[in-house]
Amino acid sequence: MSPIVAALVFLSALLHVSWNTLGKKGTPSAAFFFTASIASVLILFPLLLILGFDFSIYWKVWAYLAASGFFQSMYYTGLGGAYRT
């Protein structure tokens with residue numbers, strides 16, 4: 001595994017642990033987890049620019065990303081509800 005990939009995996013794990021720990025401490029909601037997810041995107045997006053990511057990917061990929069976002073929002077709603085109980 002390349003050092004860049006290993007660093008991204010480690011950073012991703014660190015972000016997941018952070019927002020789940022914060023989510024368990026307060027009053028968790030879907031909005032909290034959505035905000036945490038957006039924060040991780042904002043943190044990692046500059047890396048895509050630095051590494052020269054090609055954003056002109058096939059249009060079906062964007063459709064899959066949109067569908068994934070919908071299901072991720074359902075997951076956040078369930079996760080927030082599970083942490084509240």
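**Figure 1. Ala30, Phe33, Phe34 and Ser37 in α2 meet Tyr76, Thr77, Leu79, Gly80 and Tyr83 in α3.** Contact here means heavy atoms within 4.5 Å. Sorted by class, this contact of α2 with α3 has six nonpolar, three polar and no charged residues. (Ala, Val, Leu, Ile, Met, Phe, Trp, Tyr, Cys and Pro count as nonpolar, Asp, Glu, Lys and Arg as charged, and the others, Gly among them, as polar.) The model is predicted: local features need pLDDT of at least 70 and side-chain atom pairs count only at pLDDT 80 or more, while totals for chains, interfaces and linings use all residues. Residues are numbered from 1 along each chain as its sequence is written, and side-chain values use heavy atoms, leaving out hydrogens and water.

**Figure 2. The packing of α2 on α3 in geometric terms.** Helix α2 covers residues 30-51 and helix α3 residues 59-84; they pack at an angle of about 125°, with axes 8 Å apart. Axes are lines fitted to C-alpha atoms, for helices over the stretch in contact, and angles run from 0 to 180 degrees between N-to-C directions. That angle makes α2 oblique to α3. (Under 35 degrees counts as roughly parallel, over 145 as roughly antiparallel, 65 to 115 as roughly perpendicular and the rest as oblique.) The α2 and α3 crossing is right-handed, meaning that the near helix is turned clockwise from the far one by less than a right angle, with anticlockwise being left-handed.

**Figure 3. Helix α1 (residues 3-25) also crosses α3.** The two axes come within 9 Å and cross at roughly 45°. α1 and α3 are therefore oblique to each other, and α1 passes α3 in a right-handed crossing. Look for Trp19, Asn20, Gly23 and Lys24 of α1, which make the contact with Tyr76, Leu79 and Tyr83 of α3. These residues divide into four nonpolar, two polar and one charged.

**Figure 4. α1 alongside α2.** Here the axes come within 10 Å and cross at roughly 165°, which makes α1 roughly antiparallel to α2. This crossing, too, is right-handed. On the α1 side, the contact is made by Ile4, Leu8, Leu11, Leu15, Trp19, Asn20, Leu22 and Gly23. Their partners in α2 are Phe32, Phe33, Ala36, Ser37, Ser40, Ile43, Leu44, Leu47 and Leu51. By class, the contact of α1 with α2 has 13 nonpolar, four polar and no charged residues.

**Figure 5. The α-α-α pattern as a whole.** The protein has three helices and zero strands; helices (H or I, at least four residues) and strands (E, at least two) are DSSP runs, numbered from the N terminus. Its radius of gyration is 15 Å, well over the 12 Å that the globule rule gives for 85 residues, so the protein is more spread out than a compact globule. (The radius is taken over C-alpha atoms, and the rule is 2.2 Å times the number of residues to the power 0.38.) Along the principal axes, the C-alpha atoms fill a box of roughly 40 × 30 × 20 Å.
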